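Good morning, everyone, and thank you for making time for this. Please have a look at the sequence and the model first, and then I will take you through a few places in it.

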Amino acid sequence: HRYLISSNIGEVVAVFMGVIVLGKDILTPVQLLWVNLVTDGLPATALSFNPITQSIMYSPPRSKRESLVDGLNAIRYGILGSYVGIATVLSTFLVPHHNGSDQTEGNSLTQTMSLSTLVTIEMFNALNSISDTQSLLHVTPLSNPYLCIAILLSIVLHLIIVYSEWMNRIFGVSKEMGTREWIMVVTLSAPIVLLDECIKWIIRMRRRSTYII
């Protein structure tokens, strides 16, 4: 649930900030539907095959009165979700401005950058969710091969809607995404891994776990 909650918070933040900062929707309803049903759904399903946490026996049992989302996890979801939203909106400022007849294409490329950033950052966030507390250096993505396949498939599906001409029209995206744009997308997306690694470290220190990174 951590992956879906933080990702959905990120989508809400992105849409809200887009309206407040830019005065417009940075993602269309069909684009958001695509993210939720396809690019979110595949990794979320694959995460059910995560390996058992090795440190589970060191953790005290949960109280029956304890809420599903405690204060620390609520803060965690808020931090990760906020980063997802901020990075998605920030990507719109990295697209060159277009004038005149190029305005439509410029708007399309802006939305494509936002959508690509949202999809990519959620793939990185899925990797974060392999373990609730253990570092990716300790529990690697290869520990859940189903997730690796799901992420690869999600990326391929996204590339299809970006670079297929008839899918461009359906989703309102631009196939003008080049190497420069993809480098910016990955640069904005990857830091969520480092952010969650810091949060995991704080949680491990708080619980005084005996395993190492």
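Helices here are DSSP runs of H or I with at least four residues, and strands are E runs of at least two, numbered from the N terminus. What you see is a predicted model, in which local features need pLDDT of at least 70 and side-chain atom pairs count only at pLDDT 80 or more, while totals for chains, interfaces and linings use all residues. Residues are numbered from 1 along each chain as its sequence is written, and side-chain values use heavy atoms, with hydrogens and water left out.

Let me begin with Val 35, which lies in helix H2, residues 29–39. Is Val 35 buried or exposed? Its relative accessible area is 0%, so Val 35 is buried, where buried means under 20%, exposed over 50% and partly exposed in between, with a 1.4 Å probe and protein chains only. Leaving aside residues up to four places away in sequence, Val 35 touches Glu 11, Asp 40, Leu 115, Leu 118, Val 119 and Glu 122, contact being heavy atoms within 4.5 Å.

Now to the cysteines. A disulfide is a covalent bond between the sulfur atoms of two cysteines. How many disulfides does the structure hold? There are zero, counting a pair of cysteine sulfur atoms within 2.5 Å as a disulfide. Cys 148 is partly exposed because its relative accessibility is 28%, and Cys 198, at 42%, is partly exposed too.
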